[in-house]
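Please keep the sequence and the structure in view while reading.

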Amino acid sequence: MATAMSHQSVGFSVSRRSSSSPYATISQPLRDSLSVATIGFKNHSSLSYTSRRNRNLYKTEAIASVSYHNTALSLSKNIPENSQNKSNEAALILIRHGESLWNEKNLFTGCVDVPLTEKGVGEAIEAGKRISNIPIDVIFTSSLIRAQMTAMLAMIQHRRKKVPIILHNESEQAKNWSQVFSEETKNQSVPVIPAWQLNERMYGELQGLDKQETAERYGKEQVHEWRRSYDIPPPKGESLEMCAERAVAYFEDNIEPKLAAGKNVMIAAHGNSLRSIIMYLDKLTCQEVISLELSTGIPLLYIFKEGKFMKRGSPVGPTEAGVYAYTKRLAQYRQKLEENSEVICS
Ligand SMILES: O=C(O)[C@H](O)COP(=O)(O)O
């Protein structure tokens with residue numbers, strides 16, 4: 001299985017919506033075929049993240065802040081709100097930020113906070129177009145500007161035209177000073193929750209170094225091990241395993257409960273923090289995750305239903321238009337967007 005996804009942008013071999021069918025419901029046979037067609041739902045009991053043990057360490061104010069907003073976030077204007085979703089099916093969109101200035105320069109970036117390039121801005125806008133028909137109730141981003149820029153730029157393309165609002169929970173004052181006092185305005189917004197736990201893996205003493213020069217100096221194999229192995233950290237940095245301890249714990253504690261409640265979630269984060277989350281979602285082994293590569297600005301779609309994550313097709317590359325696999329619920333949402341487009345966009 002690992003070889004099947006080598007150097008792909010993750011699991012694009014899943015069944016696609018045929019042009020004659022407006023959507024694909026999640027039937028048992030499809031679910032079965034998905035689990036075969038994607039990276040595989042295997043039992044790796046040995047691969048239980050230490051994050052599960054440590055997760056209480058990472059509990060944040062996010063839960064409080066999301067529920068504050070959620071009370072006010074029901075969709076108005078006749079578009080069904082998924083928070084009242086009886087089946088508790090929810091969409092999960094993962095997106096790695098668009099190209100950053102240090103991606104362009106081929107420098108190890110890690111937790112250094114650099115912005116997007118113009119190309120990265122374009123990638124984020126393009127990603128936004130692809131997900132513009134998928135409901136989004138809450139957005140989680142890392143605390144780094146490249147992920148936040150990506151989320152914001154993508155949201156500008158969304159057909160529902162809700163306004164993404166970054167929640168500032170860093171202090172009581174910041175929280176108080178960023179309050180919104182109109183219920184209607186709140187209804188037309190989407191909370192954006194920044195979380196350092198979703199930051200890129202800390203690259204230690206490689207941060208700021210040129211990737212090519214580092215490979216020449218330390219050898220390609222060593223550098224590949226630092227970049228892609230599961231448990232070998234770069235000098236004074238985090239291994240993927242260490243990154244997973246915080247990112248997956250955050251996902252389990254703060255994001256999964258939202259999905260379980262039927263909230264549609266987008267996560268804008270980073271190559272390695274998302275690799276660790278995908279490893280968890282797809283139950284990848286430490287070996288399989290080595291060949292998992294994420295392109296910048298490509299949205300991945302999962303459906304969370306009955307406690308399971310199903311990868312639901314995704315664009316294979318920046319030029320392919322549209323996320324093509326929809327559940328009935330997503331198709332209905334899209335239909336409503338069409339019907340209400342004049343109201344929404346006016
Ligand atoms: O931090 C970085 O340099 C990139 O975001 C990810 O780099 P990688 O592909 O070397 O892990």
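A polar contact is a pair of N or O atoms within 3.5 Å. With this cut-off in mind, the site can be examined in what is a predicted model.

A backbone N or O atom of T109 is 2.8 Å from one of the ligand's oxygen atoms. E200 contributes through its side chain, a polar atom of which lies 3.0 Å from an oxygen atom of the ligand. The side chain of N272 likewise places a polar atom 2.8 Å from a ligand oxygen atom. On its own, the ligand has 320 Å² of accessible area, and the protein covers 96% of this.

Around the ligand are R96, L107, F108, T109, G110, E200, Y203, K211, R227, R228 and N272. Sorted by class, this shell comprises 5 charged, 3 polar and 3 nonpolar residues. The space that the ligand takes is the second largest pocket.

An annotation from a record may be set beside this picture. In an unreviewed UniProt entry, the annotation "active site" covers H97 and E200. These residues are spread over 104 residues of sequence, yet they cluster in space, with a largest C-alpha distance of 10.4 Å. Both H97 and E200 are included in the lining of the second largest pocket, the space taken by the ligand. H97 itself is found in the loop that runs between β1 (90-96) and α4 (101-104), while E200 is also one of the residues around the ligand.

Methods. Residues numbered from 1 in each chain as written. Predicted model: local features only at pLDDT ≥ 70, side-chain atom pairs only at ≥ 80, totals over all residues. Heavy atoms only, no water. Near = heavy atom within 4 Å. Polar contact = N/O pair within 3.5 Å; in protein donor to acceptor, adjacent residues only side chain to side chain. Areas by Shrake-Rupley, 256 points an atom, 1.4 Å probe, with all protein chains shown as cover. 1 Å grid on protein atoms, 1.4 Å probe; cavity = no way out; pocket = protein on both sides within 12 Å on 5 of 7 lines; lining within 4 Å. Sits in = over half its atoms within 2 Å of the grid points. Nonpolar A, V, L, I, M, F, W, Y, C, P; charged D, E, K, R; others polar. UniProt positions renumbered as here; feature names shortened; annotations may be inferred. Helix = DSSP H or I, 4+ residues; strand = E, 2+ residues; numbered from the N terminus.
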